[in-house]
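Please read the following report alongside the sequence and the coordinates. The text begins with an overall account and then turns to single elements.

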Amino acid sequence: MSAIDLALYLHFPWCVQKCPYCDFNSHALRSADADVPETAYVDALLRDLDFELAHTPEPRPLTSIFMGGGTPSLFSDRAIGRVLSEVNRRLAFAPDIEITLEANPGTAEAAHFAGYVAAGVNRLSMGVQSLDNALLKRLGRIHDRDEVFRAYELARAAGFGNINLDLMFALPEQTLAGAEADLRGVLGLAPEHLSYYQLTIEPNTAFGAMPPPLPDDELAWDIQEQGQRLLAEHGYAQYEVSAYARPGRRARHNLNYWHFGDYLGIGAGAHGKRSADGVVRRRARTKHPRAYLQHAGGPAAVQEDRIVGADELPIEFLMNGLRLNDGFAIADYADRTGLDWSTLAPAETARQRGLLAEADGRVRPTELGHRHLNGLLTLFL
Amino acid sequence: MRLDHIRNFCIIAHIDHGKSTLADRFIQLTGGLEEREMQAQVLDNNPIERERGITIKAQSVQLHYTARNGERYQFNLIDTPGHVDFSYEVSRSLEACEGALLVVDASQGVEAQSVANCYTALDQNLEVIPVLNKIDLQNAEPDRVREEIEQVIGISAADALKVSAKTGLGVADVLEEVVLRLPPPKGNPDGPLQALIVDSWFDNYLGVVSLVRVTSGSVKKGQKIRVMSTGRDHEITMLGVNAPKRLFKDELQCGEVGFIVAGIKDIFGAPVGDTLTAAGNPAGLEALPGFRTVQPRVFAGMFPVDADDFEDFRESLQKLRLNDSALQFEPENSTALGFGFRVGFLGMLHMDIVQERLEREYNLNLITTAPSVVYEVLRTDGDVVKVDNPAELPEPGSIDELREPIISARVLMPQSCVGPVMQLCMEKRGVQKNLRYLGSQVQMEVEMPMAEVVLDFFDRLKSVSRGYASFEYEFVRFQAADLVKLDVLVNGDKVDALATIVHRDNAYPRGRDLCERMQDVIHRQMFDIAIQAAIGAKIIARSTVKALRKDVTAKCYGGDASRKRKLLEKQKEGKKRMKQVGSVEIPQEAFLAVLGVDKKK
């Protein structure tokens with residue numbers, strides 16, 4: 001029996017409007033007051049899960065569930081409650097299971113918070129992105145600074161004891177002082193976890209088509225260093241490229257990705273990865289919500305189903321494992337890829353160039369390697 | 001065919017002055033091809049030739065023209081290569097002709113390249129008929145251009161023909177004038193076989209095919225012939241003409257131009273300019289004059305980006321050489337770039353064409369170093385050696401004298417350009433020899449080190465003259481000069497493929513420019529990169545490529561592994577054209593940055 005953990009990712013593809021930087025599988029609602037097809041979508045999710053489990057039964061208990069989007073908080077607490085209880089009828093929950101829901105920090109969503117807690121959600125992740133109203137507008141966000149504070153307060157009042165806030169930096173025309181104010185404002189809320197990440201301009205987004213004026217590389221780096229210093233001063237330890245946590249508050253669901261664990265991916269455009277008998281299999285669902293609603297529960301909802309070749313396993317493992325400051329245990333590498341770490345030739349090059357370090361049965365990116373992770377990883381391609 | 005009913009001629013024209021269009025019209029008017037078979041510009045067979053509007057291999061077309069006197073004439077129209085790099089090939093094509101049409105764009109006037117080729121034609125006693133093309137254009141100035149032809153080339157242009165190859169206007173008159181004004185070929189139809197090899201190329205199905213001009217006797221299918229320079233005998237298996245469709249025949253007679261196939265394995269077995277006789281040369285004929293082997297004058301290192309492609313690269317060069325006897329190559333081992341070849345070319349255009357064909361037709365990913373001319377080194381021990389690779393220049397202590405190739409160049413330009421062009425030539429260490437005012441044009445003769453021409457002269461000339469100056473040159477001699485080797489060091493390592501030989505007076509500015517250019521083209525990496533220019537052990541310039549602060553994808557994209565991988569693969573793809581030198585990745589542009597060092601991009 002494998003010791004690899006199993007997680008569940010549930011995708012909720014709708015947003016009130018699409019942000020110009022976002023290239024995730026999210027779809028704007030037709031009009032502001034249109035409702036998401038809540039019942040139909042939850043039914044589809046459950047049919048899809050049944051299909052997945054019928055294909056390959058799963059005896060392992062879930063160690064985490066992540067409901068991401070899109071904006072899952074557009075779904076009512078009743079709908080989320082039904083999803084979770086129905087999942088639990090099909091899969092066991094580990095006693096310390098982490099159940100996260102992504103929420104927009106708006107007041108409308110906040111009305112559901114107490115219900116989410118009652119439904120079993122025990123971690124809330126809010127996409128704050130900035131506290132500067134002008135920047136929030138530019139980023140296409142529908143909330144403002146005051147709503148962030150109110151939503152956060154309501155989340156605490158509703159009983160959330162574990163909250164993550166997403167904050168971006170190197171935003172259009174952002175200054176070092178502006179970035180500091182943003183971060184200090186968020187630190188003042190004292191969340192358990194912070195994702196502090198640089199805005200990346202992706203192709204096929206509004207920003208990609210018409211890039212805004214961004215801080216140059218030097219300023220972006222100064223902002224990042226300032227942020228790392230501030231976060232450390234406030235007791236947040238960086239454990240991944242963009243993730244910072246109070247002791248004991250690391251995101252279990254994300255850690256499972258980075259540890260190359262297994263996860264079911266259910267929902268429009270969701271990606272899953274499962275390993276059995278030394279074979280790693282990836283499945284992705286059809287992206288468009290309408291097609292997903294129609295086909296969920298059958299093979300037509302599966303857009304991609306492939307076995308990861310032994311030649312691809314090292315890079316797939318390292319793409320995840322080396323994002324962590326602590327790297328990975330060599331034993332886990334063997335366990336999860338079925339391969340021998342000591343025979344991986346590019347590792348020697350990476351060590352010689354001072355990008356990787358090995359000690360106590362673990363492989364870690366050096367400070368240089370962590371900063372230049374893409375360069376380090378291309379060695380293994 | 002009686003000799004007096006044959007006309008062998010070529011068209012001399014500058015690029016874009018309408019040579020191919022006119023040839024197409026000739027074919028159309030004489031009924032050589034059905035309308036639907038007319039592919040624009042029949043003569044340029046190779047796609048690169050067609051794109052660039054230049055001819056690399058000589059072709060010939062046989063046309064049958066019924067003149068206004070009712071007699072039927074055989075025309076052999078021989079196409080000539082149209083670039084300064086291929087002047088020897090041009091002279092051999094002209095040798096097969098008795099006459100030439102000098103085609104000049106009536107709106108542009110004469111250009112140096114056609115002037116040079118026209119001089120060669122006159123030297124070889126060809127009758128030249130001036131033809132003013134594009135007469136239909138609004139801005140055509142036939143009178144001015146006629147005057148220019150007389151003043152610059154020195155032939156009468158009073159009865160120059162006015163045509164528009166595009167509309168067909170006046171083209172029929174050209175054919176008639178060819179009969180009336182060009183002399184028929186001479187030669188003894190009953191004499192022993194003697195023929196000139198105008199060009200040779202390799203055909204995948206036939207082997208070596210040679211275009212020949214029979215100067216005496218005749219050549220028959222099945223006949224045994226001798227290639228004079230190799231002394232080898234071969235049996236003719238096929239011969240014929242292009243009319244313009246390939247037409248096999250039993251015999252090529254005295255005065256005719258056609259192709260032969262004789263089971264010759266490579267083009268070195270049938271060199272351009274060589275003489276054919278009957279097997280054993282029983283009549284003891286002399287070789288036709290003018291034959292020589294061509295010498296490459298420009299050399300560059302070419303290296304496969306992926307070391308695994310080395311054998312493919314060798315094979316591709318060998319295939320190219322089947323058709324290009326001027327192409328020379330030998331293996332080169334660079335510490336920076338690994339295993340590749342030192343390749344010799346006739347000139348810059350030739351190099352461009354070869355590089356393009358290797359990449360396009362053979363799908364090779366190559367890094368080409370800056371081209372170098374061939375230097376002559378008089379060593380202290382009295383030996384004279386040729387050096388075509390700056391990295392292989394002997395230590396200064398063992399050099400008694402370093403000599404560089406000098407060319408004599410002829411620049412033809414409008415008067416308004418004389419100042420800037422003269423200044424450019426001086427900057428390029430040129431010595432003016434002659435300046436002639438010829439109507440509205442000025443012809444300047446200048447001697448210049450060839451190394452300066454290889455550097456960036458063509459581009460600079462184009463820009464200072466706004467495209468109006470034209471240029472042709474020939475090698476004249478080696479001449480001693482105060483030259484030094486300029487090395488480039490990247491993070492302290494000498495990069496052999498970046499070394500150049502420069503004049504001492506230019507070394508400092510060039511070193512500084514080079515460092516700046518390298519700083520621009522070398523991407524920021526994980527660490528600072530020091531770039532230094534040095535003469536011997538002395539550093540004369542430096543620059544630094546500052547380290548990239550970070551290179552990491554901020555978001556982890558949840559469970560979607562494939563998209564992150566695509567990002568990485570894209571990044572890896574970008575490194576494909578880079579070469580790892582020590583720990584530094586150097587892009588292809590860096591190796592060519594040496595080229596454009598004088599002025600900013």
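What follows describes chain B as a whole, then one of its helices, and lastly a glycine of chain A.

This is a predicted model, in which local features need pLDDT of at least 70 and side-chain atom pairs count only at pLDDT 80 or more, while totals for chains, interfaces and linings use all residues. Residues are numbered from 1 along each chain as its sequence is written, chains are lettered from A and ligands numbered from 1 in the order in which they are written, and side-chain values use heavy atoms, with hydrogens and water left out.

Chain B has 13 helices and 34 strands, where helices (H or I, at least four residues) and strands (E, at least two) are DSSP runs numbered from the N terminus. Buried means under 20% relative accessible area, exposed over 50%, and partly exposed in between, with a 1.4 Å probe and protein chains only; a contact means heavy atoms within 4.5 Å.

| Property of chain B | Value |
|---|---|
| Buried residues | 58% of 601 residues |
| Contacts between residues 24 or more positions apart | 69% of the contacts with a separation of 6 or more |

Helix α1 of chain B spans residues 19–29, and its buried residues include L22(B), A23(B), F26(B) and I27(B). The buried residues of α1(B) pack against strands β1, β2, β3 and β4 and against helix α6 of chain B. After α1(B) comes G31(B), which has a positive phi, near 75°.

In chain A, G81(A) lies in helix α2, residues 77–90, and is buried, with a relative accessible area of 18%. Its C-alpha atom is separated by 9.2 Å from that of V117(A), 36 residues apart along the chain.
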